[in-house]
Amino acid sequence: MESGMPLSGGQRALIRESWQRVSGSPVQHGLVLFTRLFDLDPDLLPLFQYNCKQFASPQECLSAPEFLDHIRKVMLVIDAAVSHLENLSCLEEYLCNLGKKHQAVGVKVESFSTVGESLLYMLEKCLGAAFSPEVQEAWSKLYNAVVKAMQRGWETLPEGD
């Protein structure tokens, strides 16, 4: 799995150190991420439906047990990427399938840039002064590699599906 230039050893260390500070409270930090996501793009809210229930507001969605499960899953995917920084390609098939699932529920590839902004926002809020330009660059490279793998899920679907 290539992201243009691979992560350097220093970038991998920055990602691991920063994630260690965030990963202890995945739901709390995931709520920061998704609150920011809905602030940036409220039109994404209708994509999150459980048992055909449409949420009236981001706050209702963010407090739903089913959505909190989704947050846990998103944070686990990030955790898996951090755990496999030396060999991201081992996640390729999983991420490609995850991309297919997101496309199937109506997520557009373009929305992932907003998710990336929300991820960086969450990291900045949670890390404070430790969120340096170097940390931001390292996370951006990792996120772009993950998104590229997920986008392959869109590319493998036949037209009309």
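This is a predicted model: local features need pLDDT of at least 70, side-chain atom pairs count only at pLDDT 80 or more; totals for chains, interfaces and linings use all residues.
Residues are numbered from 1 along each chain as its sequence is written, and side-chain values use heavy atoms, with hydrogens and water left out.

**View 1. Helix α2 crosses helix α4.** Helix α2 spans residues 26-40, and helix α4 spans residues 65-83. Helices (H or I, at least four residues) and strands (E, at least two) are DSSP runs, numbered from the N terminus. The two axes come within 9 Å and cross at roughly 100°. Axes are lines fitted to C-alpha atoms, for helices over the stretch in contact, and angles run from 0 to 180 degrees between N-to-C directions. That makes α2 roughly perpendicular to α4 (under 35 degrees is roughly parallel, over 145 roughly antiparallel, 65 to 115 roughly perpendicular, the rest oblique). From α2, the contact uses Pro26, Val27, His29, Gly30, Leu31, Phe34 and Phe38. From α4, the partners are Phe67, Leu68, His70, Ile71, Arg72, Val74 and Met75. Contact means heavy atoms within 4.5 Å.

**View 2. Ser18 sits in helix α1.** This helix covers residues 9-22. Ser18 is buried, at 5% relative accessibility (buried means under 20% relative accessible area, exposed over 50%, partly exposed in between; 1.4 Å probe, protein chains only). A polar atom of the Ser18 side chain lies 3.0 Å from the backbone oxygen of Ile15. Not counting residues up to four places away in sequence, Ser18 touches Leu127, Val135 and Trp139.

**View 3. Leu44 lies in the loop between α2 and β1 (49-50).** Leu44 is buried, with a relative accessible area of 8%. Neighbours within four places in sequence aside, Leu44 is in contact with Leu37, Phe38 and Ser111.

**View 4. Cys96 and Cys126.** How many disulfides does the structure hold? The count is 0; a disulfide is a pair of cysteine sulfur atoms within 2.5 Å. For Cys96, the nearest cysteine sulfur is that of Cys90, 15 Å away. Cys96 is buried, at 12% relative accessibility. The sulfur of Cys126 is 19 Å from the closest cysteine sulfur, in Cys61, too far for a bond. Cys126 is partly exposed, at 24%.

Conventions:
A polar contact is a pair of N or O atoms within 3.5 Å; within protein, one must be able to donate a hydrogen and the other to accept it, and residues adjacent in sequence count only if both atoms are side-chain atoms.
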